[in-house]
Amino acid sequence: MPGKLKAKIVAGRHLPVMDRASDLTDAFVEVKFGNTTFKTDVCPKSLNPQWNSEWFKFEVDDEDLQDEPLQVTVLDHDTYSANDAIGKVYIDIDPLLCNEAASVISGWFPIYDTIHGIRGEINVLVKVELFNDLNRFRQSSCGVKFFCTTSIPRCYRAAMVHGFVEELVVNEDPEYQWIDRIRTPRASNEARQRLISLMSGELQRKIGLKVLEMGGNAVVGYLQCFDLEGESGLVVRAIGTACTLDKLSSGSAPNTATHTHPNTAPASNACNSPSKDGKEPVFGEDLLSSSGPPTPFRALPTSSSSPPPLSPSKPCSRQSSSSDTDLSLTPKTGMGSGGSAGKEAGPLKTLLRQQTQTALEQREFPFFTLTSFPPGFLVHVGGVVSARSVKLLDRIHNPDEPETRDAWWEEIRQEIKSHAKALGCHAVVGYSESTSICEEVCILSASGTAAILNPRYMREGCLDIGIVDHRFEDPSPPSCGFCHIPYDELNMPFPTQLTYCYHCRRQKVPDVLFTTIDLPPEAAVTGKGCLIQARLCRLKKKAQGEVNATAISNLLPFMEYELHTQLMNKLKLRSMNALFGLRIQISIGENMLLGLASATGVYLTALPAPGGIQIAGKTPGDLSNEHHILTIQKRINDTIAKNKEIYQINPPELTEEVVGSPIPEPRQRSRLFRSHSESSDEVSELDLSHGKKDAFVLEIDDTDAVEDIHSLLTDATIPTGFNSCNTEIMPGIYNWTSAVQMFTSVRVFRLSNANLTNQGLNKIFTDLCENLLKSFYFKLRSMIPCCLCHLNFTVAVPEEELIQVAVTAVAMTYDKDQTQEKPAEKPITKGCIETEEQLQFPMELCADSSSTNTQLSSKISGVQETTNVSSRAASVDYGSFADRCSTWLELLRLKAHTIRRGSVKTSRRTQSLAHSVSSLERSSPVPDGRSRSLRSTRGFGGSSVTVVKMTPLSFLPGTRIIKYLGIINMFFIRETTSLREEGGVSGFLHSFIAEVFAMVRAHVAALGGNAVVSYSMKECVFMENPNKNQAQCLINVSGDAVICVRETDQEPVPSNIGQTCTSETDGAT
Amino acid sequence: MAMELDVFVGNTTIMDEEVYQLWLDGYTVSDAVKVRMEGGVMEECEASADVLLSDTMDQYRTFQMCERLLYSPAKLANQLLFQIPPHRQAILIERYYAFDDAFVREVLGKKLSKGTKKDLDDISAKTNVTLKSCRRQFDNFKRVFKVVEELKGPLVENIRQHFLLSDKLARDYAAIVFFANNRFETGKRKLQYLTFQDFAFCAGQLINNWTVGAVDNMVEDMDVDLDKEFLQELKELKILITDKDLLDQHKSLVCTALRGKTKAFNEMEANFKNLSRGLVNIAAKLTNTKDVRDFFIDLVEKTPSCVGQIHGRHQKLYLQNVSRLKRISSPAYFFPCLSPPPPPADAVISAPPVRTFSVFDLSAVIISSLSASLLESSVCKSDL
C-alpha cells in the first residue's frame, strides 16, 4: 500500500561561495527518494537563494518510507563543467509515519558535506499522506513507536511489556568494495552514510514487524549499534523491549486499545534466527542441549557435570564460569540447577515464580532493555550476569542470511539466560549488548541484571499500575524488596554473606549488590551516591587470527577479575554497599586490552554496612614493612572516614543490633552446585566473600598489590559542589533546578614509551580518566552546585599506542539548600517504625551484629584488631590465584589450538548481591523542588534559532514532556585531507562534534521539538594519518525528540523564540 | 599529560569571558595559561595546570571557530553550529569589535589597505598591543568600512544594525570609517596629544554637519563624504575678515555669546581678528582634498597660538546650534544668520553637554566645533 511523500524546498542561506569569480553561487536542489529524483530551478548568483519550489510528490510503498531517507542535495550549477555538490541533507521521515508523533517536518537543516562539514542551511518542508495498510502479510510496520529511553516514556503508561526484540542486518561495507579504489572519498563516504541510513531503516521496520506480531505498539529502550567489521562487512543490530503503551493524557492513542493476544505469537518469532546452530558446522554439537525453548524446570541437573575447569575468571561472582562452547562439551545449563533448586525457598516465592514463569517461559529470551521500571514491576534483583565471547570475523557471504552473527548473539543470550537462572531469576533487566573489534577479532559482550519481575505486566488484560495486586506481591516493602535475594539461601549460586534485611527484617539480603539498572526510585538510600570506576590495561602480544583470539580470551577472565576487585575495593573505600548502572567495557587493541567498569555506588539502607579494608603484609617479620603497612592502613581508614562525610553516609548503627541472621557457610553451599571439577575448591578459597563484620583484606605481598592500593588511594576527590554518577538519578539529590549542560568530550592519548609495563599503562589510563573528570569539574565550575549525571565513558584503542576515551554526560544544577533534607533521617526513622510493625521475631537473630559495630568503629579509628578474623576467607591471594589461572589457561590454550577459524569463547558471569533497608517512599525521583526556577537556560530571548536542549537522561529537570516526536538516529562521516589547516586532530574533531550537535538540534527543531532526551553517542570512530594530513571520523548518535513544557505550563513552549535578534541584543549593552 | 587529541563540546557552547579576553588580546595559549594561573582560578576549583591548559585550548578553538561568524555578527544569531544564548552573543560581538585606543590612534586616518596592514608589527611594537590583536582590530575596521561603504542611510545606524554593536561602539566605528575615508592626517607630532576620543568627537560633529547626509539622508555614502557644495560655500566666509562691518558684527555676536563663559574670554576678545582670520582661511581652502587631509594640522598650526588660551573648558555650545547653521549654509542664509543672536546662554549650559568643547564664533562654529577638542586639549597643555 502506498503512501505519498511530499517535499518542498523553500530557501537556502549562508551558502558557501562556489564561484570564485563572482563570489556567489548558482544553487539548485535535487530531491531524491528511492529512485525518483526531482530538481528545483537554479537560483542564480545568490548565497541566500529562494527557491520556493512546488511540492515534489513521491508515491511509494510504506515499506520504502520506513527504510529510505529523503535525500536533499544542494548543487552549484555550472554551465560548462559538472555541477559541484555543495552538500546533502538526509531526512528520516519515520517520525511522520506515526500518527502520534510529528505531522510535518519543516525547518532549517544544515547542509552537510562529508569533506567540508556544514555549508549553509536549507529550509525544507516534508509531509506524508499514509494509507493504512492492514494487510496481514505486509512488510511494513508503520506506526510502531520507537524510544531510546530505557524506561516507560513519561507521557505513556505501560499496558503491557511484551519482552525482548532483536534483529540484525548485514551488508558489505562500501568502504571496502573494489569500487572504492576509484571513487572519491566523498562518494565513498556518502555511499556509506546512505547505506547505514537504509540499514537502520530496514532494521527498525523489521523490529516493528516483530513488535506487531507480539501485539505491541512500541519499542522502548531501543538500542541500535553498528559493527564496522572492516573487510568482513557492516553489521547493524538492534535490541529493544516491545511494549504496549497507552498515552496518558487525554489525547489520541486509538490503536492501543486492545492488543490482547500477546502470547499467541510463537516464541520463535521473537527471534528469527535462533537455534540454527546445529546446522552450523562450526558450532557443532555444543549448543544443542541448551538452546531451544527452555523451561525453568527443565534445568538439567545432570548436565552440571563440568563447567570447564575454569576458575577465578570472575571474582565478582565469587565464582567464575567461563566456558568455551566450542571446546568443551559442557552445556552451560549446568548453572541452571542451582537456580531451580532454589524453588524450595518459600511457597510464596515459588508461587510467584511460577506465575511469572508462565508468562516469561514462552519467550525465548526474557530480557528487558529497560533500566527503570514502573513501581512494583521489579520484585527481586539477583545480580549482574554477563557473557563475553571472542570471535574471529569472517566475510559475510550472504548478507540476506546473517546466520553467523545471529548465531553468535544467540549463543551469548542463551548463556546470559542460564546465568540468570542460576541466580534463581527468570528475567534479565537492564540488558545490553556491545562489541569491540580489532582487525579480525571481535569480542561480543552482553550483560544485564538477573531479576524476578512481577507477572502482572506480562499477562494480558493487564492491570492498571494503580491497582495493586496483592496476591503475588511479595510482602516486602518497595523500598527494600528488590534487594531481597531471589535465590535460595541454602543453595546459593555463589558464596555470599546473607543477613536479614536491614529494613524489613524479614527477608535475606546479600552484603553487596551489583546491578546494571538504575536505582529504583522507591529504594531507600543513605547519603549520596558517587561514580565508581575501575580501570585496567593489559598488554598483549601482537598476533594474528586464532592465536590472537586465544590470547585475548585468555586475558579476559583476568581482566574481569581485576576490574571486579577494583570496583569492590573502591566501593568499600567509599563505605557503600551497592552498585547501579554497572557497565563493563573491554576494548581490544593490537597490543593491549583496555577494561573500564563504571557504576554508581550507593549505600542501600537495606544492606549491611560494608566492612572496612584491611591491609595485611605477607612478611610479618619485617619491621619497616610493618610500619609501611600501618601507614597505608591509616590512610585507608582516614579515607573511608572522609568519604563517609563527603557522601553523608551515616547509617543507623543502632539497627544493626536488631538484625542478624544465621550466616550460612558459603563454602559448603557453594559446593553443592558447583561442578566437581578440581577447581571448585580453589575457587571457593579464593572467594572474596566476607562477613559483614570482616574487613575486606588486601594482602600486600608484591609490588603489584602496592600499586593497586596506591591507585586505590590516589583516586582524586570530587571538588566540593560537584557530584557525579552514571545513572539517571543521583541518589541523595532531589531538587534539580533547570540548568542543563550536555557535553561530549573525547581524548586520545599516545603512549610514548614503547616498552611499558602493565602498571605503567594502568597508571596512564587511570590518569587519563581522572584528568577528564577533573577537566569537567573545572569547565563546569560556574554551575556549582551541580551533578554530572549519566557519565558514559567509552574506551577504544584505535591504533597501536593510542588510547581513546569518549565521554558524554550532562551537568545539572540543583538547589543546595534542599539537598540535605531527604537523606538519612527520614528513611531511618520511618524504617524503624515499619520494622517494629512488621518484625515478629526481632532480637535473637543478631548474634554477631554488635561485634560488627565494634569492629567497624575500630576500623575507623585505625586500629588493627581484626586482621586474623577474616584474612583467610577474604584475602585476595594473588599468588595462588595466578597458579590456578595458569593451569587453566594452558588448558584453554591447548584447546584453542584445536579449533578452526570460528570462535574462541570465554564467558563469564557476575553475580553479586547485597541488600538494604529502608522505607522512604519517594515515588518520584525528582520531587517538587525542581519546579522552581526552571528558567535559567531558557532565558535566551530573541534568537531566530530554536533552542534545543539535549540530555542523556530520560527527562529534563523542571519540565514535563508532553509529546514524543520520534526517534533520532543519525550517522555521520567526516573526512579531511587538510588536517593541519583545520586545526589539527582536535580542531577537526571539535568542529565535527559541534556539527553533529547542530544537525541533531536542527532535525529536532524541524519536527517541532525543543529537546532531545536519552541522547547518546553510540559510536565515535576516529582515524588519522597525520603524515598524509588526513583524518576520518564516524559518529553515530541517537535519542528521542520531544516537546517539553515547563512543569507549571500547560502550553508547549513556543518553539521559535522571537524572530529577530538584532535590536534586542544590543539593547543589552 | 600531553594529549594527542583533546576536545570538549557542550550543547550550549561554554565560553569563559576571561579566556575570551585573553584570546582577543592575542595571548598565546601558554601565555594565557600563565595569566590564568596567576589569576587564581586554580585554587578556586582545585584544578591543575594540565586542566587549565586543556580548557584554554578548547576555548581558543571554540573562539577560532566562532570568529568566522563574528565577521558578520548577524549570522551568529541564526547559525546552527553553536548554541549560544543571545546575551552571550552580544558580549561576544561587542568584545570582538572593541579596540584599543592606543592602536586606533595609530591607524586613524590611514588608508585601510594592505600596505597599512604590513606596518602593523611596528604599531604593535609601539603600542604594546600584540600583533594578533592589532590584526584583528585592523580587520574589523576594514570590514566595517567595506560594508558601510555601499550602504545608504545614516552611518552610525548602519554600523549598529549590521554589526549589532552598542551605540557607543557604533559611533566610534563611524568616526574611524569617516577618518579613513577622508584620510585626515592625525599622525603628526603636533597632533599627538589628541586622543582617539577627541577625534571621534570631531568626527561626530563633521558627520552631523558637514556631510551630504546632513542635508539628504538617503544618499549613498551620505555620512562618509564631506559635502562638496558646502565646502565650496565656505569660501564665501572670507567676507567675515575682509568686510570690517561684518567682522565687528561677528565679533560682537561671538562675544555676547561667550561672555562670562570662558576664562580666556579677554584674550579671545583681544585676539579676535587673528583668530577669525586663521579659521576662515582654513575653511576657505577646504575644497582642496589635500587641505582637507591637513585640516587638523592646520587647525593647530595655523591659528594663533593664543587659541588655546581663549578657549576654556567651561565654554559650551550646544550642538544643535551647529547643525542649524549647517543646514542654512548657503551663502544667502549664511550672512543673515550672523544677525540672529546666539542661543541663550541658559539653554546652552543646561542642555546636556555632549562633551565639553569651546567655540568662538559663528564662522568658527563651522570649524571650531570640531577643532574644539583639539583646542581643549591644547589648553590643558598650556595650563601645565
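Author: Happy to! The area buried between chain A and chain B is about 4,700 Å², meaning the accessible area (1.4 Å probe) that two parts lose on being put together, summed over both; carbon and sulfur atoms give 63% of that buried area. This is a predicted model, where local features need pLDDT of at least 70 and side-chain atom pairs count only at pLDDT 80 or more, while totals for chains, interfaces and linings use all residues. Residues are numbered from 1 along each chain as its sequence is written, chains are lettered from A and ligands numbered from 1 in the order in which they are written, and side-chain values use heavy atoms, with hydrogens and water left out.

Counting contacts (heavy atoms within 4.5 Å), 61 residues of chain A touch 47 residues of chain B. The rule also finds 5 salt bridges across this interface, each a side-chain nitrogen of Lys or Arg within 4 Å of a carboxyl oxygen of Asp or Glu. For A:Arg750 and B:Glu4, which form a salt bridge, the closest N and O atoms are 2.9 Å apart.

Several elements of chain A each supply at least two residues to the side touching chain B, among them strand E25 (736-750) and helix H19 (984-1006). Helices (H or I, at least four residues) and strands (E, at least two) are DSSP runs, numbered from the N terminus. H19(A) gives the largest share of that side, 13 residues.

Now look at the strands: E25(A) pairs with strand E1 (residues 3-10) of chain B in the antiparallel sense, over 7 bridges; pairing requires that DSSP finds at least two bridges between the strands. Within E1(B), B:Leu5 is the bridge partner of A:Val748.
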